[in-house]
Amino acid sequence: MWCFTDTAVKGRQNSVGHVMPLRREVLAVYRRALRLANDWGKYASQSGDVLAEKEYIRSESKKIFRKNRYISDNETIHDHIKEAETRIEMAIHYKTPYPRPVNIPQSVLPPLSAKLKKGQRRAIKQSKPIYLKSYDDSDT
């Protein structure tokens, strides 16, 4: 569910000797996701699946946060922070921690036996919402 970003900034310093300012933002988003997991009972729509959903939030947060730990480009880090915040807000709003389905434009889909063309791959990539940008095609 969660998309987090660069933990590699932890301990890195810029030329002036200060710890990179994004580290604080990244850790704040990660802590917010873990707090959401701990408090998920307040947000869950059904009380029966609360424990499974809490574990999903924790494990997904950890998995994606670690996957993106070596990102060092500030713009990419900001994109991942925005993605994480979007996923947290959507989980609270829709009362489900799982990602929402993605609707791909029907005109982009090839016949069953055909291979995707370059333009079709690009259109599918562009139709992917911000809250799923960290997922590869193999993850979704």
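**View 1. A patch of positive charge on the surface comprises Lys115, Lys118, Arg121 and Arg122.** Patches are built from residues with over 30% relative accessible area and no salt bridge, like charges being joined within 9 Å and nonpolar side chains (Val, Leu, Ile, Met, Phe, Trp, Tyr) within 5 Å. Lys and Arg count as positive and Asp and Glu as negative, whereas His and the chain ends are not counted; each charge is placed at NZ of Lys, CZ of Arg, CG of Asp or CD of Glu. Arginine 122 belongs to helix H5, residues 118-127, and is partly exposed because its relative accessibility is 47%. Here buried denotes under 20% relative accessible area, exposed over 50%, and partly exposed the range in between (1.4 Å probe, protein chains only). The model is predicted: local features require pLDDT of at least 70 and side-chain atom pairs pLDDT 80 or more, while totals for chains, interfaces and linings use all residues. Residues are numbered from 1 along each chain as its sequence is written, and side-chain values use heavy atoms, with hydrogens and water left out.

**View 2. The chain contains five helices and zero strands.** Its pattern along the sequence is α-α-α-α-α; helices (H or I, at least four residues) and strands (E, at least two) are DSSP runs numbered from the N terminus. Of the 140 residues, 34% are buried. The accessible surface amounts to about 9,200 Å², with 50% of this area on carbon and sulfur atoms; areas come from the Shrake-Rupley method with a 1.4 Å probe, and for residues only the protein chains shown count as cover. Among contacts (heavy atoms within 4.5 Å) between residues at least 6 apart in sequence, 72% join residues at least 24 apart.

**View 3. Val102, Ile104 and Leu109 form a nonpolar surface patch.** Together these residues present about 220 Å² of accessible area. Valine 102 lies in the loop between helix H4 (74-94) and H5, and its 32% relative accessibility places valine 102 in the partly exposed class.

**View 4. Glutamate 89 and arginine 32 are joined by a salt bridge between their side chains, at 2.1 Å from N to O.** Because glutamate 89 is in helix H4 and arginine 32 in helix H1 (residues 22-38), the pair ties together parts that are 57 residues apart in sequence. A salt bridge requires a side-chain nitrogen of Lys or Arg within 4 Å of a carboxyl oxygen of Asp or Glu; the whole structure holds two. Glutamate 89 is partly exposed at 41% relative accessible area, and arginine 32 is likewise partly exposed, at 31%.

**View 5. A salt bridge links the side chains of lysine 63 and glutamate 60, at 3.8 Å from N to O.** Both residues lie in helix H3 (residues 50-67), three residues apart, and are therefore separated by about one helical turn. Lysine 63 is partly exposed, with 44% relative accessible area, whereas glutamate 60 is buried, at 7%.

**View 6. Lysine 95 adopts a positive phi of about 60° although it is not a glycine.** Lysine 95 is located in the loop between H4 and H5 and is partly exposed, at 39% relative accessible area. Leaving aside residues up to four places away in sequence, lysine 95 touches Trp40, Tyr43, Ala44, Ser45 and Met90. The C-alpha atoms of lysine 95 and glycine 41 are 10.0 Å apart in space, and the two residues are 54 apart in sequence.
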